[in-house]
Amino acid sequence: MQIITANNVSKRFGSELVLNGIDLSLQAGEILGILGPSGAGKTTLVRCILGTLPLDNGEIAIQDTQMPNLRMMDKIGYMAQQDALYEDLTGLQNLVFFARLKGMKKRAATEQAHVLMRLVELDRDENKKVVNYSGGMKRRLSLTAALIGDPDIIVLDEPTVGIDPLLRELFWAEFKRLQGLGRAIIVTTHVMDEAEKCDRLILLRGGSIIENGSPEELKAKTTQGTLEAAFIESARRSNKGGDAA
Ligand SMILES: Nc1ncnc2c1ncn2[C@@H]1O[C@H](COP(=O)(O)OP(=O)(O)OP(=O)(O)O)[C@@H](O)[C@H]1O
Ligand SMILES: [Mg+2]
């Protein structure tokens, strides 16, 4: 089932064309990875998909509903690149608050919040104020905020930055489990071994998609057969085309 469809999406900030005619689609049970150098437009694309940034051109539909649409927000879990947490509340209070925003009853919210805090190994710190959390602890809490309420669509903007390798494994095991349950997942990353775990990748550069395919397809196009090479060689090719940032 098609969950997200984007057609010819363009976005400007002032005179800068940050997204240039982006097409993409995402099915239920699929993990889409968005790769690209810093400033390529990954976060902007994600925010356009969520409907938190207005488009200059093109259209985005989620489950056949034209975006932006506030009603769809209950179906989407979003982990922003920058943590958006209430520092004066405890971790658990933050999570219950986000659950309540999604319309969950207090008891169900609290129950699921405990489960998620355990999942990211924050259960022992759940009653600590977030102002006293480390960077990685805030990232972990932000992930739980994206997962609470069991959304159909999960959008994660660099979810594993500042996360140690063991927890990163744990995050990915969870993403794979959710995928198996039919959730559609979008993840932006700079980490090539994470990109390997996606079903499909788009390589963004200067606001355009310069490569699109499965990790295997992208690797097969390179001389070295690695995603790292796919990333670098496609950037070189697009430079030669003269349209790169
Ligand atoms: N709110 C904004 N106002 C003006 N320009 C913006 C805004 N948000 C992003 N940009 C510009 O859009 C371009 C793409 O930014 P974006 O944050 O989407 O990149 P990114 O691929 O997510 O980078 P990174 O990997 O560093 O997170 C950059 O040139 C950035 O300066
Ligand atoms: Mg970004």
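## The shell around ligand 1

The shell around ligand 1 splits into three nonpolar residues, seven polar and one charged (nonpolar means Ala, Val, Leu, Ile, Met, Phe, Trp, Tyr, Cys and Pro; charged means Asp, Glu, Lys and Arg; the others, Gly among them, are polar). Its members are Phe13, Val18, Gly36, Ser38, Gly39, Ala40, Gly41, Lys42, Thr43, Thr44 and Gln81, where being near the molecule takes a C-beta atom, placed from the backbone, within 6 Å of it. Helix α1 (residues 42-50) supplies the largest share, three residues; helices (H or I, at least four residues) and strands (E, at least two) are DSSP runs, numbered from the N terminus.

A bit of bookkeeping: this is a predicted model, with local features needing pLDDT of at least 70 and side-chain atom pairs counting only at pLDDT 80 or more, while totals for chains, interfaces and linings use all residues. Residues are numbered from 1 along each chain as its sequence is written, and chains are lettered from A and ligands numbered from 1 in the order in which they are written.

## The sheet and its helices

Six strands form an open sheet with mixed pairing, in the order β6-β7-β8-β3-β9-β10; strands pair if DSSP finds at least two bridges between them. At the edges sit β6 (76-79) and β10 (208-213), each pairing on one side only. On average, neighbouring strands are turned by 15 degrees against each other, direction ignored (axes are lines fitted to C-alpha atoms, for helices over the stretch in contact, and angles run from 0 to 180 degrees between N-to-C directions).

Helix α1 packs on this sheet and touches β3, β6, β7, β8 and β9 (200-205), its direction making about 155 degrees with that of β7. Contact here means C-beta atoms, placed from the backbone, within 7 Å. Helix α5 packs on the sheet too, touching β3, β7 and β8, at about 150 degrees to the direction of β8.

## Strand β8

What about β8 (residues 184-188)? Five of its five residues are buried, so the strand is largely enclosed by the rest of the structure (buried: 20 or more other C-beta atoms within 10 Å of a residue's own, with C-beta atoms placed from the backbone). Ala184, Ile186 and Thr188 cover one side, Ile185 and Val187 the other.

Strand β3 (residues 31-35) runs parallel to β8, joined by four bridges, with Gly33 partnering Val187 and Ile34 partnering Thr188. Strand β7 (residues 153-157) also pairs with β8 in the parallel sense, over five bridges; there Asp157 stands opposite Thr188.

Methods:
A residue is buried if 20 or more other C-beta atoms lie within 10 Å of its own, exposed if 12 or fewer, and partly exposed in between; C-beta atoms are placed from the backbone. Two residues are in contact if their C-beta atoms, placed from the backbone, lie within 7 Å.
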